Amino acid sequence: MEVFIMSDYRTEEDTLGPVKIPADALWGPQTERSRNNFPTGQYMPLAIIHALLNIKKAAAQANMETKAISDEKGNLIVKAIDELLALSDEDLRKDFPLKVYQTGSGTQTNMNTNEVVAHKAHQLNPDIEILPNDDVNKGQSSNDTFPTAMNVVALEALDKLKPAVQHLIDELKVKQDKYWKTVKVGRTHLQDAVPLTFGQEVSGYVAALEHDLDYIKTLEPTLNELAIGGTAVGTGLNAAEGMPEKIAEKLSAVYSLNLTAKSNKFYGLANHSGLDVVHGALKTLAADMFKIAQDIRFLASGPRAGYDELNIPANEPGSSIMPGKVNPTQAEAVTMAALRVFGNDTVVTMASSQGNFEMNVYKPVMIDAFLESADLLAGTITGFTDRCVKGLTVNEKRMAELVDNSLMTVTALSPHIGYHDSAKIAQAADKAGSTLKEAALKSGKVTEEQYDEWMDMLKMTNADRKD
């Protein structure tokens with residue numbers, strides 16, 4: 001925390017008494033108290049600050065339209081907010097120094113916003129008195145502005161994540177089409193299974209991600225419901241009639257979203273079911289990403305002592321001691337991110353359960369976890385796509401070698417000679433260390449002509465049935 005000498009302070013009062021505040025700070029006494037009382041953890045995400053500023057701006061405009069505030073005051077508040085929104089993130093952060101781990105309603109961050117807007121308005125026009133609570137916060141409460149901001153920034157975050165997922169889908173489809181008839185050994189239970197093609201295997205990845213994207217798109221509209229207008233406990237006390245609808249309309253225009261204030265405010269303040277269920281979709285995406293990245297890094301393991309079926313790009317030296325080593329770093333990054341998302345899902349679920357009576361008091365940590373998950377997935381999925389999947393190639397010689405050496409291709413003989421005799425052939429080949437063909441011919445159950453006809457590896461995959 002910064003250290004100030006006495007001359008660098010000014011004194012302001014709130015309902016608890018005088019507070020010394022850094023002289024050049026735009027915040028006021030409630031922010032200063034919180035800054036000192038809650039110094040631990042990460043800063044409140046700037047996305048929340050931007051959203052709160054936009055909410056305050058929309059509220060001032062709505063209050064002017066409903067004649068709840070004078071045009072003189074309302075326009076000054078709007079002008080002050082516009083100047084704050086025009087600041088760079090670095091400059092904006094200087095006046096929003098509060099941490100996530102504060103009051104569970106986000107009250108201190110709401111008041112931080114009110115105080116900064118009021119002080120900025122004073123800088124612009126000292127002749128008009130703008131009060132943080134009476135003017136900037138007019139018709140609002142932390143209890144409805146903060147959850148409104150939560151939903152808005154969650155939707156913003158999803159808009160950044162969805163293109164990243166689609167980008168990966170598109171790149172995987174390129175590999176799917178390119179390697180649709182490249183036969184490889186299948187594996188179930190980590191053991192050899194019948195053949196498939198690499199394109200078919202990748203098509204499973206594509207389908208999983210397409211489902212994940214659909215889950216997100218299907219569930220995200222629940223976040224369009226805003227708590228604004230509920231004020232303290234959901235009754236709307238002190239909010240002008242029509243104000244919530246006007247705020248939702250203005251925020252919809254700002255964010256290009258279909259937001260609505262036509263919602264149950266008691267639910268909006270006390271429950272965060274929407275955030276919980278949508279984060280569940282992020283967790284599902286993370287689980288599928290873990291599987292996809294895990295498959296790719298195992299199939300690329302080697303090159304001499306692993307599967308060695310795939311070649312991954314060499315983005316950086318893999319070892320500080322072993323020259324020439326290439327590691328699946330992008331897969332490691334996205335799987336680590338997935339683990340964080342799994343943990344965040346527990347945070348969001350537990351936080352969502354803490355709606356005591358008319359108020360949930362775990363709001364800041366819930367939205368911080370949600371935003372971290374969305375940001376981590378968007379970033380690591382993009383990196384995985386551009387720095388791993390794009391440059392991924394297949395070691396067709398190795399794939400063919402493993403298929404030729406597999407005993408489970410004997411499954412194709414089963415319809416012709418029966419399961420029991422087919423199993424005996426596979427067991428005999430394994431015991432003798434011979435090829436499957438050698439064991440089959442030795443059994444007397446199959447002629448060489450029959451074996452060559454029935455053991456068509458590509459035909460086994462049904463790859464020609466692709467629509």
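Trainee: Leaving aside neighbours within four places in sequence, which residues is Ser 105 in contact with?

Mentor: This is a predicted model. Contact is taken as heavy atoms within 4.5 Å. Beyond those sequence neighbours, Ser 105 is in contact with Ser 142, Asn 143, Phe 146, Met 359, Val 361, Lys 363 and Pro 364. Ser 105 itself sits in the loop between helix H4 (89–93) and helix H5 (107–124).

Trainee: Is Ser 105 buried or exposed?

Mentor: Buried means under 20% relative accessible area. Ser 105 has 6% relative accessibility, so it counts as buried. Thr 107, in helix H5, has a relative accessible area of 25% and is therefore partly exposed. Not counting residues up to four places away in sequence, Thr 107 touches Gln 102 and Ser 142.

Trainee: Which residues does UniProt list for "binding site"?

Mentor: The unreviewed UniProt entry lists Ser 105, Gly 106, Thr 107, Ser 141, Ser 142, Asn 143, Thr 188, Ser 320, Lys 325, Val 326 and Asn 327. They do not all gather at one spot, because the farthest two C-alpha atoms are 57.3 Å apart; in sequence they span 223 residues. From this set, Asn 327 belongs to the lining of the second largest cavity.

Trainee: How is a charged residue such as Glu 115 read, and which side chain of opposite charge is nearest?

Mentor: A salt bridge requires a side-chain nitrogen of Lys or Arg within 4 Å of a carboxyl oxygen of Asp or Glu. Glu 115, in helix H5, is buried yet has no salt bridge; the nearest side chain of opposite charge is Arg 10, 7.4 Å away. Among the residues Glu 115 touches, not counting those up to four places away in sequence, are Trp 27, Gln 30 and Pro 132.

Notes. Residues numbered from 1 in each chain as written. Predicted model: local features only at pLDDT ≥ 70, side-chain atom pairs only at ≥ 80, totals over all residues. Heavy atoms only, no water. UniProt positions renumbered as here; feature names shortened; annotations may be inferred. 1 Å grid on protein atoms, 1.4 Å probe; cavity = no way out; pocket = protein on both sides within 12 Å on 5 of 7 lines; lining within 4 Å. Helix = DSSP H or I, 4+ residues; strand = E, 2+ residues; numbered from the N terminus. Buried < 20%, exposed > 50% of the residue type's maximum accessible area, 1.4 Å probe, protein only. Lys, Arg positive; Asp, Glu negative; His and termini not counted.
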